[in-house]
Amino acid sequence: GKGRFEVYDAALAAAEEDAEAAAGTEEERERLTWFRRAEEQRAEILSLLERDGLVKAQFQPLLDLRTARIAGFEALARFTSAPGTTASPPNVWFSQAHRAGLGPRLEAAALRAAFDAPGRPTAAFLSVNVSPSSLASEEVREALPDDLTKVVVEITENELVTAAPSLHAVLEELRGRGARTAVDDAGAGYAGFTQLVRLRPDIIKLDRALVHGVSTDDYRAALIGSFVRFARSIDSLICAEGIETMADLRTLAELDVTYGQGYALAPPGRPWPEVDGAATSACYSAWHEALHGRSNEHSSDEARLERVATTVGAVRGPSQIPGALDEVCRDLGAERAALRRILGDGTLVTVGGTPLTSAVRYDETRPEFATAAGRLLVLPIETGGSTHGVLELMAPEGRPWHRSEIHRARVLAQLFATVLTGATAIRLAAAEAA
């Protein structure tokens, strides 16, 4: 308990029955039972380590969602229970080993089993799991090969990563030997943003609880999209774990997630499993749609911008402008939009939507043309050093414009330059004259 400790005395184990019989309180009996169980658990781990072939490795492929090719394999420890021990899942064995002070030894045994598997495809990397507390241990260091090219050291999230300089020194040493690092189960448990800031991983692996159901959940899709943008800004990659449906796989590919793994692609197996053909087909399909400018509601910001640009670029007359403005509003979350053309004498002519300002002439010194006044955003449309029109946008009540939205709105405003110049402008002038 907090603020307490108990010192183990081996004599207690030797005279356990007598001591237990003589114990006069429930607390003393529970203490003796705890010590006895701890020794039993340590003996179970030792029996696992001392027998050959009880620590094995299975491998699950990581698919590159951009190319539909296997990029690597994650090594997953599997244990065969020694005679007289209970069957337990891997995470229970590792937790038990750490409680008994044998965590690094068991992790080292799992690493050796992973690296001993022959025949790994030359183009594929191998991802191995190591806990932060074991990373600097002699056992684990000896189990890792000197050349760590095409090796990803995956920091498991079963314990909180500290900011200790020793951990960072070990990670830098591993990187110097060619390794990349990954943070496991990001978005759940210990693996929060603090972990990412401390570890600066090369690969961020999203927890399966965040990935599951992303194809039908806008909130999950938005959060994963933010992880993708974050990773891109720090030159890292995103891997989605626990993919169970083709719909989720397609959505993750459209969100520009780099790698994926899960039972929908391939379950863990003997070296070296192939990926289901349906999964590669889904990646090819998503890639083909990106090449041809087709996207859905979960697509990346860039894909949505492309969709709006395509709509604006297709405007050939006044009747098509309202539809283009509607696309702009949907993309920016705007309530209303208006497109106004500037004539030679500065007169403003509305060519789409309802004007959001009362100005009849363009004067760039007027406040509404120079600044974003709360909900109202007025942006000039310029080409060749001249201003040809303005795009007026109104945000919903109580929601002022963010800087990122203003930058995006400026890009969208410039897309209307082709509408206000050239052949389309001639059609607009003819319509106004009529």
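Author: With accessible area. It comes from the Shrake-Rupley method with a 1.4 Å probe. In this predicted model, the chain exposes about 21800 Å². Carbon and sulfur atoms supply 53% of that area.

Reader: How much of the contact set links residues 24 or more positions apart?

Author: Contact means heavy atoms within 4.5 Å. Take the contacts with a separation of 6 or more: residues 24 or more positions apart account for 61% of them.

Reader: How many cavities of 30 Å³ or more does a search of the whole structure find?

Author: A cavity is a space where a 1.4 Å probe fits but cannot get out. The search finds 1 of 30 Å³ or more.

Reader: Which residues line the largest cavity?

Author: Leu62, Phe125, Ser127, Val152, Glu154, Ala182, Ile203 and Lys205. Strands E3 (125-130), E4 (151-155) and E6 (203-206) each give two or more residues to the lining. By class, the lining has 5 nonpolar, 1 polar and 2 charged residues.

Reader: Take Ser127. Is Ser127 buried or exposed?

Author: Ser127 sits in strand E3. Its relative accessible area is 2%, so Ser127 is buried. Leaving out residues up to four places away in sequence, Ser127 touches Phe73, Glu74, Ala75, Val152 and Glu154. Val152 and Glu154 also line the largest cavity.

Terms used
Residues numbered from 1 in each chain as written. Predicted model: local features only at pLDDT ≥ 70, side-chain atom pairs only at ≥ 80, totals over all residues. Heavy atoms only, no water. 1 Å grid on protein atoms, 1.4 Å probe; cavity = no way out; pocket = protein on both sides within 12 Å on 5 of 7 lines; lining within 4 Å. Points joined across faces, edges and corners; volume = space filled by probe spheres on them. Helix = DSSP H or I, 4+ residues; strand = E, 2+ residues; numbered from the N terminus. Nonpolar A, V, L, I, M, F, W, Y, C, P; charged D, E, K, R; others polar. Buried < 20%, exposed > 50% of the residue type's maximum accessible area, 1.4 Å probe, protein only.
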